[in-house]
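Please read them with the structure open.

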Amino acid sequence: MSSPSANLYKVKTIWLLSSLLIYLFIILSNGVAAQNDISVTNVGAIIDLTSRIGKEQKAAMEIAAESFNKKSNTHELILHFRNSSGEPFLAASAAEELIKEEKVQVIAGMEYWPEAVQVADHVRNQSQVIPVISFGAPLITSPLIQHRWPFLIRMTSDGSAQMKCIAHIVAAYNWKRVVVIYEDDGYGGYVGLLSLLSEALQDANAKIENHLVLPRLNNSSESKPNWDEVEELLKLPTFQSRVFVVLQSSLPTVTNLFRVAKKMGLVGRESAWIFTECITSLLHPRGNYDMEGTLGIKTYYPTESSSYAEFQKEFQAKYAEGNNSKAGIYTLRAYDTINVISQAIERMPNNTTSTSLQDMITRLLSNYKGLSGDMHFNKGEALLDSPRLRIVNVVDGKMNRELNFWTPNDGFSEGLDPNSVDVVGKVIWPGNLSRTPKGWAMPSVEKPMIIGVPGKTSFSKFVKVEYKDNPDENTYDGFCIQIFCKVLSLLNYPLPYEFQAHNGTYDELVEKVHNKIYDAVVGDITVRADRMDKVEFTQPYMGSGLSMIVPEVTDEEATWMFMKPFTWDMWVVTGSILIYTMLVVWFLERPTNPEFGGPLKDQIGTAIWFTFSSLFFAHREKVYSNLTRVVFILWLFVVLILTSSYTANLSSMLTVQRLKPNVTDIEMLKKNNARVGLDGDSFVSKYMVEVLKFRQVNLMNVSSEYYYTGNFKNKTILAAFLELPYAEVFLNKYCDGYTANTPTFRFGGLSFMFQKGSPIARDFTRAILELLENGEIKKLQNEWLSPEEECTKNSTSNRPESLSLDSFSGLYVISGATSTFCFLLSLAIWLRRFQVQETNEGNASPSNENIWNKTVRIVKFFKLRDLEIPNRAPTFASYIVDWTTPRWGDYSPTSNTPEQPPVFTPGEIECTPVEHTETRV
């Protein structure tokens with residue numbers, strides 16, 4: 001039998017157990033009720049978990065989901081991760097699994113655009129379409145994307161901004177050629193990026209010389225890829241650029257790339273490497289000592305906020321491989337994506353649908369402030385309001401040296417304020433180079449610059465090659481070689497070189513530089529527009545144009561020098577005006593001037609002597625007619641002008657050097673099918689045919705300057721067409737007997753030639769300009785191309801031209817018109833007299849008289865009438881009276897007595913006996 005105390009203990013124990021069971025039941029009941037009140041949202045995340053960026057994104061998305069779940073009492077966010085390994089078909093398979101098995105309401109991730117396309121196509125075919133948020137986007141956005149996938153939201157960076165930033169870096173350092181490198185993704189996803197970069201480089205006056213596609217490598221540590229293929233690619237036998245732009249690559253690929261590039265000497269002095277943000281995110285802040293001096297681009301985001309500090313702290317704790325690294329823009333964008341989804345879910349009513357969830361996400365992204373920056377939503381894309389990039393530099397094996405900022409609107413700036421600068425910042429270049437690298441394969445002692453030199457030139461003063469048995473012992477000299485040596489002395493770096501003589505045409509030299517057989521050409525190369533598309537020219541050191549060389553005037557031609565002041569048409573017209581004036585004077589003076597009486601031949605002789613003598617001295621014959629005086633005054637003025645002009649021009653021709661060309665212009669040569677000489681190795685032959693329209697059969701190749709004189713003497717050629725520098729050299733040597741016209745067709749000048757994009761050409765241009773400014777090239781020109789000591793006269797013709805009819809046409813017109821007017825006026829008066837006499841004598845011509853008979857009677861009247869000579873010529877008023885009064889009818893042309901003179905009023909004319917008058921000149 002138990003004691004009362006034992007029973008009491010049992011009762012207490014049973015009571016306690018019962019109370020505990022009741023309490024646990026109540027707690028469990030409340031927990032189930034609470035769980036039933038929480039709304040769970042499944043979110044699918046498709047990420048490349050084999051890459052570092054994918055691992056960081058996974059950690060950031062988990063941090064965002066955990067933070068939301070801790071703060072929310074009504075909603076819970078569950079992430080379902082799937083690894084795509086960067087394969088689009090694996091991403092599509094993962095999307096199908098997430099939709100069917102996990103019942104996700106939204107899918108996020110897909111770093112690469114091909115993945116996003118496959119996932120979006122799969123979701124579109126589902127019965128219930130859910131929102132898809134992609135971290136990748138096409139580099140060139142098509143307007144059909146929004147129509148094809150209205151549920152697709154692209155949360156990405158502006159790829160074109162990065163390409164413009166790279167182009168600005170290239171332009172800042174005057175690089176003209178770049179080599180683009182990227183890893184093959186198997187889908188051609190970076191073709192659009194190449195197009196954007198090429199377009200941006202064109203605006204910077206640069207271009208892509210070539211692009212290298214690297215094989216895609218396995219990320220496994222056990223994989224030991226064979227890089228022999230990459231090493232062959234990087235040998236770059238025909239590439240001269242040493243500016244490399246790495247667009248995209250995995251971390252193992254880019255690490256091995258630099259290992260091979262450094263082994264080949266491509267990461268060293270004169271080289272430059274630029275990374276896009278996807279490479280920079282893999283290396284930041286870690287780097288690689290093989291990458292010392294490279295530049296990277298990253299998107300700037302504010303790091304001063306408390307929310308970023310809290311996220312960074314959790315990220316370092318959660319991401320085991322972080323090694324104190326900072327989260328990049330890709331990581332922050334993944335964090336912001338989950339935050340947007342969680343905020344959209346929290347703001348949704350209980351009867352949530354996928355369509356309304358997408359609308360809520362879109363509404364939030366229209367004005368969202370996240371850790372990655374302030375964003376806006378436009379046509380399916382969530383982009384940063386004002387993207388700001390920052391340039392970083394790998395120093396001491398770490399990509400943590402931050403340089404200047406860059407924005408699309410302001411370019412480079414040292415701080416956040418838009419104070420533009422022209423440079424990236426104080427960069428530590430590969431090889432610890434203190435100056436800006438040339439970005440070009442610079443020559444070395446082991447591999448000197450191969451410079452082509454014209455081996456056969458028509459004028460040896462420009463380039464002269466003395467050949468030896470051993471080509472390496474050939475000697476090179478001449479005006480162009482001396483300029484080259486002067487330029488070398490002004491460069492601030494050594495330039496090992498090796499000359500190679502080229503016995504071919506100049507166009508072949510251009511092609512050899514274009515095909516990278518020669519690094520440069522030193523010689524008398526003419527700058528032409530069609531050549532500039534293939535090669536790079538320096539500043540011309542001498543002008544150039546096309547000049548025509550012809551023999552000067554012969555002694556036989558000098559015999560007629562007195563005829564040269566006037567042209568032949570000028571002589572003919574002058575003689576015609578002289579004869580015409582003579583006839584008018586004879587007509588006006590014959591009726592009243594006794595000097596013009598007698599037989600007709602005496603009259604003509606007197607008229608000729610009267611008019612012609614006025615050219616040399618004052619005549620003594622008396623002039624009776626005022627009309628004659630008017631004509632003669634104009635004629636004396638013409639004589640004054642003609643004699644003055646003739647004397648002045650003839651004096652100039654006799655005192656100034658007489659180098660009269662026997663060929664006046666190009667058209668004369670073409671019209672007569674004359675043969676001309678030229679340098680057949682230059683472009684002049686083609687220019688003469690295509691531009692000046694000469695026939696090929698009329699062009700003769702003259703291989704040496706010494707052959708031109710012989711061809712001129714034996715009349716093989718009538719003219720020689722030479723470039724202006726050669727023409728000056730020729731005339732300096734053969735100035736006696738030849739002349740040249742002023743060049744009508746100008747060319748670009750003589751210059752040196754380099755491969756397209758070569759920075760050495762720019763350095764040579766600067767040096768040549770300095771030599772031009774300080775007069776060194778002028779000294780060399782006087783030394784090599786100056787006239788011979790025995791030839792000091794001017795080599796070009798400055799003989800005055802013959803005066804043509806155009807210079808005196810106005811004067812002749814006035815003289816001829818005046819003579820004609822006076823002639824017609826006098827003729828009208830005599831016709832009036834004839835009519836009055838016929839009427840008074842009753843000999844009026846019958847109406848049926850023909851014109852010929854009437855004309856004969858008029859001529860007889862003019863010829864047979866006797867003269868009545870007053871001692872003073874009648875005035876012009878007397879002619880008017882003569883025309884209007886009938887008193888002339890009292891005058892008889894046959895009267896010889898002084899009692900029958902014509903009646904004049906005293907106011908009209910004063911008459912005195914002839915024998916008392918003075919002879920007038």
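1. Basis. This is a predicted model, in which local features need pLDDT of at least 70, side-chain atom pairs count only at pLDDT 80 or more, and totals for chains, interfaces and linings use all residues. Residues are numbered from 1 along each chain as its sequence is written, and side-chain values use heavy atoms, with hydrogens and water left out.

2. Largest core. A nonpolar core is a set of buried Ala, Val, Leu, Ile, Met, Phe, Trp, Tyr and Cys residues joined through side-chain atoms within 4.5 Å. Buried means under 20% relative accessible area, exposed over 50%, and partly exposed in between (1.4 Å probe, protein chains only). The largest core has 70 residues. M61, W273, F275, F311, I341 and I361 touch the most other members. Helix α12 (residues 329-347) gives the largest share of this core, 10 residues. Helices (H or I, at least four residues) and strands (E, at least two) are DSSP runs, numbered from the N terminus.

3. Leaving aside residues up to four places away in sequence, M61 touches A45, I47, L79, F81, A108, A334 and I338. Contact here means heavy atoms within 4.5 Å. Another core, of 64 residues, lies apart from the largest one. Its members include I481, Y506, Y518 and I768.

4. Helix α25. I768 also belongs to the buried residues of α25, along with P759, I760, A761, D763, F764, A767 and L771. These buried residues pack against β18 (449-454), α14 (479-490), β23 (535-537), β30 (750-755) and α26 (776-785).

5. Ends of α25. S758 caps the N-terminal end, with a side-chain oxygen 3.3 Å from the backbone nitrogen of I760. Just after the helix, G775 takes a positive phi of about 85 degrees.

6. The structure holds 23 salt bridges. Each is a side-chain nitrogen of Lys or Arg within 4 Å of a carboxyl oxygen of Asp or Glu. R154 and E381 form one, at 3.6 Å from N to O. R154 lies in strand β5 (residues 152-155) and E381 in strand β13 (residues 381-384), so the pair ties together parts 227 residues apart in sequence. Both residues are buried.

7. Salt bridges, other pairs. D290 and K262 meet at 3.7 Å, N to O. D290 sits in the loop between α10 (277-283) and β10 (295-299), and K262 in helix α9 (residues 251-263), 28 residues apart. D290 is partly exposed at 21% relative accessible area, and K262 is partly exposed at 41%. R531 pairs with D507, the closest N and O atoms being 3.0 Å apart. This pair joins helix α16 (residues 529-532) to helix α15 (residues 506-514), across 24 residues of sequence. R531 is buried at 4%, whereas D507 is partly exposed at 37%. Shared partners join K58, E62, E66 and K318 into one network.

8. Cysteines. How many disulfides are there? The count is 0, taking a disulfide as a pair of cysteine sulfur atoms within 2.5 Å. C480 is buried at 0% relative accessibility. C822 is buried too, at 2%.

How values were computed. Polar contact = N/O pair within 3.5 Å; in protein donor to acceptor, adjacent residues only side chain to side chain.
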